[in-house]
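Work through the exercises below with the sequence and the model open. Try each task before reading its solution.

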Amino acid sequence: MYKKGLALFFVLLMVVGMFGCGSKKSSGDDSSSEVSPIDLKFAHADNETSVFHQGALAFKEKLEELSDGSVTVTIYPSGQLGSISDAAKGVQMGTVDVAPVSATVLANFAPSIGVYDMPFLIENYQHAYKSLDGEVGNILSKELEENGMLCKGWWTLGYRNVTTSKDVQSIDDLAGLKIRTQSSPVHIEIFKALGVDPTPMDFGELYTALQQKTVDGQENPYINILQANIYDVNDTIVETEHVFQVAGLLVSPKTWEKLTPEQQGYLEEATAYATEVERKACENDNEAAKEKLTTELGMKLVTLDKSELQIKTAPVYDNHPELADLVEKVRSYK
């Protein structure tokens, strides 16, 4: 009897052990605990040599490396997913995951961002970075979040300058010129203050308009002037540096919510890395573009008295008292 009881005890012990091991294995093989891969759509409107594309590539490389491939990125350059405005709306709706969008466009969604369209506000690149990475950037990011966009970094395109097919030697020579501008009320005010006839127009129509003399000139950063072959239809650069162009690197809130806390951390790190890459590319590429345009491609460079330009455009500030506090905050970073 004792031997039978002992044998039964060992049998029961083996059965319990088998169930225990089976339970452990089941837990270890539970695929429901694994994170499903996610692919992010990164959209921008510029070509594959642009500073935005360089930033996009850096973002993709870093995020895929950090996440060990659990988050991948597909880049759609050259407006493949629509215009800059379309990208901003896509971020709001969740059809675009990540997109750099210029402040001029973002001002349509969050008006305070229009502060960066004000004339002659930014002294240099470092001034821009300090304000964007400080209190001003935080205020603007909060306003964007309230409008369905997460801003995870501030990118730059550099100073905007005028090009023209007309001879310009002084500020007075700008009077009456038809200059293509962005569809920004502030930009239009700036050029009206300079006596220019501002002509808002889609960028895709610009080259033909210059070729056909529908407009006399346009304004853009050096990198855009080079990439759009403006030198073929305008022979003069008027270095006004009237606006320093910034852009928000946007992430869709719907995309953010799909990510695990760990993946969100990777995305934050990737956007910080990409922002450094994009800003450096912006500085270097604008300088290189200016050099190429004025030496190899033969554009004439005209420099005007910046203090006189500032005096002429000062009334633009009076027209926008709603931005006065932010203007002072930006200036405090000089």
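Buried means under 20% relative accessible area, exposed means over 50%, and partly exposed lies in between (1.4 Å probe, protein chains only). The model is predicted: local features need pLDDT of at least 70, side-chain atom pairs count only at pLDDT 80 or more, and totals for chains, interfaces and linings use all residues. Residues are numbered from 1 along each chain as its sequence is written, and side-chain values use heavy atoms, with hydrogens and water left out.

**Exercise 1. Cysteines**

Task: Classify Cys151 and Cys282 as buried or exposed, then state how many disulfides a search of the whole structure finds.

Solution. 
- Step 1. Cys151 has a relative accessible area of 13%, so Cys151 is buried.
- Step 2. Cys282 has a relative accessible area of 0%, so Cys282 is buried.
- Step 3. A disulfide is a covalent bond between the sulfur atoms of two cysteines. The cut-off here is a pair of cysteine sulfur atoms within 2.5 Å.
- Step 4. The search of the whole structure returns zero disulfides.

**Exercise 2. Overall make-up**

Task: Give the number of helices and strands, the share of buried residues and the share of contacts that join residues at least 24 apart.

Solution. 
- Step 1. Helices (H or I, at least four residues) and strands (E, at least two) are DSSP runs, numbered from the N terminus. The protein has 14 helices and nine strands.
- Step 2. Of the 334 residues, 48% are buried.
- Step 3. Contact means heavy atoms within 4.5 Å. Take the contacts between residues at least 6 apart in sequence: 77% of them join residues at least 24 apart.
- Step 4. Areas come from the Shrake-Rupley method with a 1.4 Å probe; for residues, only the protein chains shown count as cover. The protein exposes about 16,100 Å², and carbon and sulfur atoms supply 52% of it.

**Exercise 3. The nonpolar core**

Task: Which residues have the most contacts inside the largest nonpolar core, and which strand gives the most to it?

Solution. 
- Step 1. A nonpolar core is a set of buried Ala, Val, Leu, Ile, Met, Phe, Trp, Tyr and Cys residues joined through side-chain atoms within 4.5 Å.
- Step 2. The largest has 97 residues, and those with the most contacts inside it are Leu40, Phe42, Phe59, Leu63, Val115, Tyr116 and Leu144.
- Step 3. Strand E8 (residues 236–251) gives the most to this core, with nine residues.
- Step 4. Look at Phe59. Beyond four places in sequence, Phe59 touches Leu40, Phe42, Val73, Val98, Leu267, Ala270, Thr271 and Ala274.

**Exercise 4. Helix H14 and its partners**

Task: Find the buried residues of helix H14 (residues 324–331) and say what they pack against.

Solution. 
- Step 1. The buried residues of H14 are Leu326, Val327 and Val330.
- Step 2. They cover an arc of only 105 degrees around the axis, so they lie on the same side of H14. The arc is that of the directions from the helix axis to the C-beta atoms.
- Step 3. The buried residues of H14 pack against H5, H6 and helix H13 (315–318).
- Step 4. Check H5 (residues 125–132), which holds His127. His127 is buried, with a relative accessible area of 2%. Beyond four places in sequence, its contacts include Val330 and Arg331.
- Step 5. Check H6 (residues 135–146), which holds Leu140. Leu140 is buried at 0% relative accessibility. Among its contacts beyond four places in sequence are Trp154 and Leu326.

**Exercise 5. Salt bridges**

Task: State how many salt bridges a search of the whole structure finds, then trace the pairs of Lys334, Glu135 and Lys152.

Solution. 
- Step 1. A salt bridge is a side-chain nitrogen of Lys or Arg within 4 Å of a carboxyl oxygen of Asp or Glu. The search finds ten.
- Step 2. Lys334 pairs with Glu123, the closest N and O atoms being 3.6 Å apart. Lys334 is in the segment after H14 and Glu123 in the loop between helix H4 (103–106) and H5, 211 residues apart. Lys334 is exposed at 54% relative accessible area, whereas Glu123 is partly exposed at 48%.
- Step 3. Glu135 pairs with Lys329, with closest N and O atoms 3.2 Å apart. Glu135 lies in H6 and Lys329 in H14, so the pair ties together parts 194 residues apart in sequence.
- Step 4. Lys152 pairs with Glu268, with closest N and O atoms 3.0 Å apart. Lys152 lies in strand E4 (residues 150–164) and Glu268 in helix H11 (residues 261–296), so this pair ties together parts 116 residues apart in sequence.
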